[in-house]
Amino acid sequence: METEQALVPHRGVPRTPDGADAGPPRPGPERVGAFLAVLTERPVSLYAAAVLRIGYGFLYLVFLLREFPHRDEIWGPGSPWTPELARQLFDQTGWASILTLSDSRPYFETCYALALVTSALFLLGWRTRAVSVLFAVVVASFHARAIFMTDGGDNLILLMALYLTLTACGRRWSLDARRTRRRASAGKGESGSTDSGADDLRHQLATSRRTLTAVLHNCGMFVIAAQVCFLYGSAGLYKVQGGSWGNGTALHYVLNLDLFRPWPELSLLADEHDVLIAVACYLTVLVQVAFPFVLFGRLKYPVLTVLLGMHLGIAVLMGLPLFSGAMIIADAAFLPDRFYRSLGRLRQRTGAEETGAPSDGERALVPPQSAPAGRGSSAG
Amino acid sequence: MREARTESPGGAATLPRQGSSKPPPLLLRAGTNAAVALCLATALVHVLLVFLHVAPPNPLSRQYSRQVNAWVFPLFEQNWRLFAPDPESVNRQISARTLHTAPDGTVHVSGWFDLSGVDNSAVRHDVFPSHTAQNTLRRAWSSYLETHGGDDRPRSERALMMQKYLTDIAADRITGHRGGTFESVQLRVITIPIVAPAEGPGPGSSAAAPKSVETRYLPWWKVTSDGN
C-alpha cells in the first residue's frame, strides 16, 4: 500500500509521516492538510524518477553514438537542413539552439562531444540538478536543429528531459546518492548544535529549501504522469476515429511500409495472420485508450505488461528501438517505489551471495569506504 | 512511509518539527508558501494547456488558442497521432536526376537515382536504423506536401524553405553516391498503394488513398551552392 498512490500525489489519502492510519474517511480540511503535508515534505517516487533519469540519459547517449557516422548530416554545418534554414525557422517559431551559434565544424564537434559527456553524466547522476539542466539544453538544441528529422520518440525524450529538471531524480541510484551516503557515514555527529541565531536561520532556510525541492519534484512527477496519460489517451482516441483500426487492418498497412520493415520476412510472416492482426489492432487501441484509467488500480500491471510487449514488437518489427525505448521508460515511471526497492534488494542479495558479504541495509550498494585512498597511499 | 524517513541521509532524518527551534520568520514562511502555491498553479495550468494543445480542436481550445500556443510553442509542442487516424497506406519511391550544362552549351540530363531505394536498403536488416534513413526524406516530403499541396508553386516562406531542403537532400545524396557536377535537380515521386488484405476492406476512411500507382514530377530546381 505504501506507495500505491505515489506517482499522482493529489490522489488518495496519504498517511501522515507520524504513522497515523488513513482509517475511516476524514473530513475535507484534514484531507487537504494531509495532501499538503505529503506535497511539501515527501518527494514521491524517487526511484521512478531515477529510472527516468538513467533511462533517458542512456537512450540519448546510445542515439548520439548510433548517429555518429551521420552526425554532420543531421546536426552539423553540412546538413541539408543548413544552419541558415535552421536559423530562418527559429525566427519564425521562437526556437533556439546552441548548435546554430556558429557554423564552424570544430564548434559542432565540441557541441557533439559535450552532448555525449552530458548524457553520460546525467545517466550516472553526477551533480544531477545542474547536469539535468545541461541535459535539457543539449536535447532541446539537438532536437531543434534537426526538427525535420525527429519522430515521436525524439519528441517524448525532449519533453521528459525538460520535466526531469524539476525532479530530484538524482536521489537514488546515482553518484550523488553515493557521495551523500559516504559523507553521512563519515561526518556523523560532527554537526554539534550551537544555539546561535545565525544557526537557527540557516536551519530554517534549509527547511524552506527542502520544502521547495519536494514541491518542485512532486509537481514535476505529476506533470510527467499527466503527459504520458495524454500521450496514450490521444494516440488511442485518434485511432478510434480511423476506419482501418476499426476494421482491424491498420497493422497490415503498418507492416508493409518499406521504411519500417527491417526484417521483411518477419513482417510478411506476421502479415499472413489476419485474425492475429485484427486482435492486435483492437488490443492496441483498447490499451491506449484505457491507459489513463487503469493507473489507479491493480489493472495497471497487466496493461503495462501488454504495453511492454507492444513496444518490444514495435522495436523489432518496425526498426524503431529509440521510440520504443522512450515509451518503455515512460511506462516504467508508473511502477511504485516498492517495486524498485525490491529490485534493489534482489540485486543486493545476489551480490552478497557472490561476495559472501552480509546483506543488510544498503551496504552492498556502498563500496567499501576509503578503499581507493588506502591503496593510493600504499602505492605512494 | 519508510521513504520519508530515509530521505536525504544525515539531515532530514531529524525533521525539525518546530520543537526546540523557533518558528521561521514570517517573511520566510510567506515566501515559501507563495513559492509552493506558484509551483502548484504552474503545474496545473501547464497540464491544462498541454491537454488543450493535444486534444482535437474544440470550443475551449479555439477560444484560448492564443494562450495555448504562446505557452506550448515551441518547447512543448507535441503530436501523438501515431499511425492515427489511419496509418499510411502507400509507399513512396522518390528519385532524383540532375541537369548539367557544359561550357559548350550542350545539356546533359542524368538518369534517375533512387533516393528511397538507398533508404530502404539502409533500413533492411538493421537493428537500429538511422534517422537519416527513416525520417529525413519521409518527413521532408510530407512537409513539402503540407506546405505546397497539389501544385508546386511555393506560396509561403515555409514552402520555399521546404523546397530548398528537398533540393539540398537530393543534391547531397547524389553528390555522395554518384558525384559529378550539375546545376539543377528534379525529383520524381512515385506513390505505390499498399494492397488491401486479401478479402478485407480498403484502408478505412482515408478515401483519398490512391488505388493505383501515381507518378508526380516536380519542377527542375536550381542547386544554389556546392560549398558544403
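Me: A residue is buried if 20 or more other C-beta atoms lie within 10 Å of its own, exposed if 12 or fewer, and partly exposed in between, with C-beta atoms placed from the backbone. Why is A:Asn247 called partly exposed?

Reply: A:Asn247 has 17 C-beta neighbours inside 10 Å, so it counts as partly exposed. This is a predicted model, where local features need pLDDT of at least 70, side-chain atom pairs count only at pLDDT 80 or more, and totals for chains, interfaces and linings use all residues. Residues are numbered from 1 along each chain as its sequence is written, while chains are lettered from A and ligands numbered from 1 in the order in which they are written.

Me: Where does A:Asn247 lie in chain A?

Reply: A:Asn247 sits in the loop between α10 (243-246) and α11 (250-255). Helices (H or I, at least four residues) and strands (E, at least two) are DSSP runs, numbered from the N terminus. Chain A has 17 helices and zero strands. Of its 380 residues, 43% count as buried.

Me: What covers the buried residues of α5(A)?

Reply: The cover includes α2 (46-66), α3, α6 (128-145) and α8 of chain A. Among the buried residues are A:Phe108, A:Cys111, A:Tyr112 and A:Phe122.

Me: What makes α7(A) mostly covered?

Reply: In α7(A), 12 of 13 residues are buried. They include A:Gly152, A:Asp154, A:Ile157, A:Met160 and A:Leu164. The cover includes α2, α6, α9 and α15 (321-332) of chain A.

Me: Which residues touch the most other members of the largest nonpolar core?

Reply: A:Leu52, A:Ile157, A:Met160 and A:Ala161 do, in a core of 123 residues. Such a core is a set of buried Ala, Val, Leu, Ile, Met, Phe, Trp, Tyr and Cys residues joined through C-beta atoms within 7 Å. Helix α9 (residues 197-240) of chain A gives the most to this core, with 15 residues.

Me: Which residues does A:Met160 touch?

Reply: Two residues are in contact if their C-beta atoms, placed from the backbone, lie within 7 Å. Leaving out residues up to four places away in sequence, A:Met160 touches A:Leu52, A:Tyr56, A:Ile224 and A:Ala330.

Me: How many residues does each chain give to the contact?

Reply: Chain A gives 77 and chain B gives 73. On the side of chain A that touches chain B, α9(A) has the largest share, 21 residues. That side divides into 33 nonpolar, 28 polar and 16 charged residues. Here Ala, Val, Leu, Ile, Met, Phe, Trp, Tyr, Cys and Pro count as nonpolar, Asp, Glu, Lys and Arg as charged, and the others, Gly among them, as polar. The model scores ipTM 0.86 and pTM 0.86.

Me: Where in chain B is the pLDDT below 50?

Reply: pLDDT is the predictor's confidence in each residue, from 0 to 100. Chain B has a mean of 86, and 82% of its residues reach 70 or more. Residues 1-20 of chain B fall below 50, with 23 contacts in the model beyond near neighbours in sequence. Residues 204-208 of chain B also fall below 50, with 12 such contacts. Where pLDDT is low, the predicted coordinates should not be read in detail.
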